[in-house]
Amino acid sequence: MKVRIFGIVVVVAALLVYMSAYTVQQDQRAMLFKLGEIKQTDIKPGLHFKWPLIETVRKFDARLLTLNSQPERFLTSEKKNVMVDFFVKWRIANLGQYYRSTRGDEQRALTRLSQIMKDGLRSEFGKRTIQEAVSGERSEIMNTLNTEATKSAKQLGIEVQDVRIVSIDLPAEVANSVYKRMEAERARVAADFRARGKEAAERIRANADREHSVILANAYRQAQMLRGQGDATAAEIYAKAYDQNPNFYAFYRSLQAYRQSFNSKDNVLVLEPDSQFFRFFNQAEGIGKR
């Protein structure tokens with residue numbers, strides 16, 4: 001009988017220990033409730049004990065969590081729609097505040113955090129054009145969202161670690177008109193470049209033609225000057241030769257005149273036999289008779 005009672009006591013004690021002992025893992029955070037009221041928050045990892053049936057424990061994920069949102073449509077300052085895809089890295093910072101704000105429901109926390117992000121994105125994109133949002137100010141938008149979301153998420157007991165915009169796209173109905181406008185703009189720029197190139201080519205060609213004409217004119221002038229100097233030198237030489245022997249000079253000039261006059265078989269001259277042109281022929285006949 002005593003053994004049976006002892007066995008029952010041991011079983012009951014083991015059951016009480018089992019019901020009162022609990023463990024908190026390294027990647028968890030726990031809260032202790034007493035009859036539904038919060039008694040202790042942020043219980044450290046390890047082995048702990050509670051009163052069975054009176055106290056209960058609820059555990060939460062202490063790891064870095066991710067909010068992945070579906071792409072949302074936002075209006076820019078130009079009243080154009082853009083599709084924005086983003087994600088948020090967050091974790092529970094204040095467990096008591098987190099439980100009071102969301103009743104410990106992670107899905108409810110994600111919904112409220114997503115609404116905070118959407119409000120911030122709507123405000124930021126409403127201040128900017130499509131070009132500013134897509135090309136130049138994405139980093140500034142993310143930094144501003146991170147700061148504002150951190151402030152707002154504190155009310156939920158949440159700490160925002162990072163905010164990233166994955167993509168900014170145009171809706172299909174807007175993309176075609178934007179692409180056509182971009183194509184027309186690029187075509188206008190290309191036509192402007194072609195016109196400038198054609199203008200530059202014409203200017204270069206005109207300068208080249210002018211320089212060509214100037215070079216030819218200078219060369220012709222120099223050639224004429226050299227030819228004039230040569231003719232003057234030749235005339236001077238002829239004059240000196242004439243002074244030394246006038247008869248020989250006259251004979252030499254006559255031979256040149258004969259050569260130029262009879263350089264072809266078809267050349268015909270009609271002159272009087274005793275003309276001055278044939279004076280050396282006549283002299284040669286007189287010399288032969290003597």
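Accessible areas were computed by the Shrake-Rupley method with a 1.4 Å probe. On this basis, the accessible surface of the chain in this predicted model comes to about 20,800 Å². Carbon and sulfur atoms account for 55% of that surface. Of the 290 residues of the chain, 23% are classed as buried. The secondary structure comprises eight helices and nine strands. Among contacts between residues at least 6 apart in sequence, 62% join residues that are at least 24 apart.

Three strands form an open sheet in the order 3-2-5, and their pairing is antiparallel. Strands of a sheet pair through backbone hydrogen bonds, in either a parallel or an antiparallel manner. Here, strand 2 (residues 28–34) and strand 3 run antiparallel and are joined by four bridges. Within this part of the sheet, alanine 30 is placed opposite isoleucine 43 of strand 3. Helix 2 (residues 95–102) lies across strand 2, strand 3 and strand 5, and runs at about 70° to strand 2.

The geometry of helix 7 (residues 246–261) was compared with expectation. At 1.5 Å a residue, its 16 residues should span 22 Å, and the end C-alpha atoms are 22 Å apart, which agrees. Buried residues in helix 7 include Tyr249, Ser254 and Tyr258.

Charged side chains were examined next. With a salt bridge taken as a side-chain nitrogen of Lys or Arg within 4 Å of a carboxyl oxygen of Asp or Glu, the count comes to 12 salt bridges. One of these joins the side chains of glutamate 72 and lysine 118, at 3.1 Å from N to O. Glutamate 72 belongs to strand 7 (residues 72–75) and lysine 118 to helix 3 (residues 106–126), so this pair ties together parts that are 46 residues apart in sequence. Glutamate 72 has a relative accessible area of 26% and is therefore partly exposed, whereas lysine 118, at 18% relative accessibility, counts as buried. The cut-off for buried is under 20% relative accessible area.

A salt bridge also links the side chains of aspartate 119 and arginine 122, at 3.1 Å from N to O. An α-helix has 3.6 residues a turn, so residues three or four places apart point the same way. Aspartate 119 and arginine 122 are three residues apart in helix 3, and are therefore separated by about one helical turn. Aspartate 119 is partly exposed, with a relative accessible area of 37%; arginine 122 is likewise partly exposed, at 44%.

In a further salt bridge, between arginine 128 and glutamate 124, the closest N and O atoms are 2.8 Å apart. Arginine 128 has a relative accessibility of 6% and counts as buried. Glutamate 124 also counts as buried, with a relative accessibility of 7%. The pair is part of one network, in which salt bridges that share partners join Glu124, Lys127, Arg128 and Glu140.

Notes:
Residues are numbered from 1 along each chain as its sequence is written. This is a predicted model: local features need pLDDT of at least 70, side-chain atom pairs count only at pLDDT 80 or more; totals for chains, interfaces and linings use all residues. Side-chain values use heavy atoms; hydrogens and water are left out. Two strands pair if DSSP finds at least two bridges between them. Helices (H or I, at least four residues) and strands (E, at least two) are DSSP runs, numbered from the N terminus. Contact means heavy atoms within 4.5 Å. Axes are lines fitted to C-alpha atoms, for helices over the stretch in contact, and angles run from 0 to 180 degrees between N-to-C directions. The expected span of a helix is 1.5 Å times one less than its number of residues. Buried means under 20% relative accessible area, exposed over 50%, partly exposed in between (1.4 Å probe, protein chains only).
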